[in-house]
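Open the model in your viewer and keep the selection panel at hand. The tour goes from one selection to the next and says what is found at each stop.

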Amino acid sequence: MRAAYREAWRKRSEGAPLEPLEAQIAAVVEMHPEYQKALESAGVLERDYTPEGGESNPFLHMGMHLAIHEQISTDRPEGIARLYKKALKKVGDIHEAEHRLMECLGQMLWSAHRHGSEPDERAYLDCIRRVAKGK
């Protein structure tokens, strides 16, 4: 998957035609200038990003943006598209609104992993409702 990010960014940088998924990836990379040089550097595909290293994993971060985009476009879980619009209106910035939803997504996934359970969509949507209310 890392190679797909790198290839999509290369194509966008060169003005080459993009497949639909590549266009989505390139749009997310464009929102993150801090990751663009990394995608152009040697070794980025093999590099480990650990919490001990003090850096977040750019591929995980961008992947969560893509997950949020997919959820909104398919309205799955049901109601997320409407809640996202409310959150966006409250937050006022697309990138920041996505980051706040990503925090909710991360909490849901962490909780499911920790408890060995299925992700709790109701708790996830409740978290997004709080974002939409400005809490």
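Start by selecting helix 3, residues 33–40, where the buried residues are Tyr35, Gln36 and Leu39. These three cover an arc of only 115 degrees around the axis, which puts them on the same side of helix 3. Buried here means under 20% relative accessible area, exposed means over 50%, and partly exposed lies in between, with a 1.4 Å probe and protein chains only. The arc is taken from the directions that lead from the helix axis to the C-beta atoms. Helices are DSSP runs of H or I with at least four residues, strands are runs of E with at least two, and both are numbered from the N terminus.

A word on the source: this is a predicted model, in which local features need pLDDT of at least 70 and side-chain atom pairs count only at pLDDT 80 or more, while totals for chains, interfaces and linings use all residues. Residues are numbered from 1 along each chain as its sequence is written, and side-chain values use heavy atoms, with hydrogens and water left out.

Now turn to the other side of helix 3, where Pro33, Glu34 and Lys37 are exposed. Contact means heavy atoms within 4.5 Å.

Next, select helix 5, residues 80–91. Its twelve residues reach 16 Å from the first C-alpha to the last, close to the 16 Å expected at 1.5 Å a residue; the expected span is 1.5 Å times one less than the number of residues. Which residues of helix 5 are buried? They are Ile80, Ala81, Leu83, Tyr84, Ala87 and Val91. They cover an arc of only 155 degrees around the axis, which puts them on the same side of helix 5. An α-helix has 3.6 residues a turn, so residues three or four places apart point the same way.

On the other side of helix 5, look for Lys85 and Lys89, which are exposed. Show helix 4 (58–74), helix 6 (94–115) and helix 7 (121–132) to see what the buried residues of helix 5 pack against.

Finally, zoom out to the protein chain. There are seven helices and zero strands. The C-alpha trace spans about 40 × 35 × 25 Å along its principal axes. Of the 135 residues, 35% are buried.
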